[in-house]
Amino acid sequence: NNTNPGLLHTSQSSGINAEYGDPKLTMLAGRLCTRVAVARPLIQPLASAQPVFAVRAFQTTPKVLDESLEQAAKFIGAGCATVGVAGSGAGIGTVFGSLVEGYARNPSLKNQLFSYCVLGFALSEAMGLFCLMIAFMILFAL
């Protein structure tokens, strides 16, 4: 039943038994005890443990990626700013449509209606030009 002479042998009645007289077993036991003795001081109580601070490095993106992201943001901003130009076109259409309707109702107010129409056209066009100016500033000045 002793297949491993000198280290350990098994018996059916008591499980695993060590033979203390064997020098190989003594050396093996010494190594195990030494490893446990070396590992034991590494396990410290929580009160004496030093706090561990995590060190994080800054993650930076490549310059090419930053520039392309900036260009994309500029294009999106300029696109949003030019939506106002469409509103200006709708406003101008409404002003001239109202001029035609007013002239059809009362042709004697032609001069007064036309002066109001020009004022409405100028204000609506100015708003469209302001939107366009902002879009160009986003694209080329920032």
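Reader: How many salt bridges does the structure hold?

Author: Side chains of opposite charge can pair when their charged atoms come close. A salt bridge here is a side-chain nitrogen of Lys or Arg within 4 Å of a carboxyl oxygen of Asp or Glu. The structure holds one. This is a predicted model, in which local features need pLDDT of at least 70 and side-chain atom pairs pLDDT 80 or more, while totals for chains, interfaces and linings use all residues. Residues are numbered from 1 along each chain as its sequence is written, and side-chain values use heavy atoms, leaving out hydrogens and water.

Reader: Which side chains meet in the salt bridge?

Author: Those of glutamate 101 and arginine 105, at 3.5 Å, N to O. Both residues lie in helix α3, four residues apart, about one turn of the helix. Helices are DSSP runs (H or I, at least four residues), numbered from the N terminus.

Reader: At what angle do the axes of α3 and α4 cross?

Author: Two packed helices are described by the angle between their axes and the distance between the axes. Axes are lines fitted to C-alpha atoms over the stretch in contact, with angles from 0 to 180 degrees between N-to-C directions. The axes of α3 (residues 83-105) and α4 cross at roughly 175° and come within 8 Å. The two helices are therefore roughly antiparallel (angles over 145 degrees).

Reader: Which helix packs with α4 at an angle of about 175°, with axes 8 Å apart?

Author: Helix α2 (residues 63-81) packs in this way with α4 (residues 110-140). That makes α2 roughly antiparallel to α4. In this contact (heavy atoms within 4.5 Å), α2 contributes Lys74, Phe75, Gly77, Ala78 and Ala81, and α4 contributes Cys131, Ile134, Ala135, Ile138 and Leu139.

Methods. Parallel < 35°, antiparallel > 145°, perpendicular 65-115°, else oblique.
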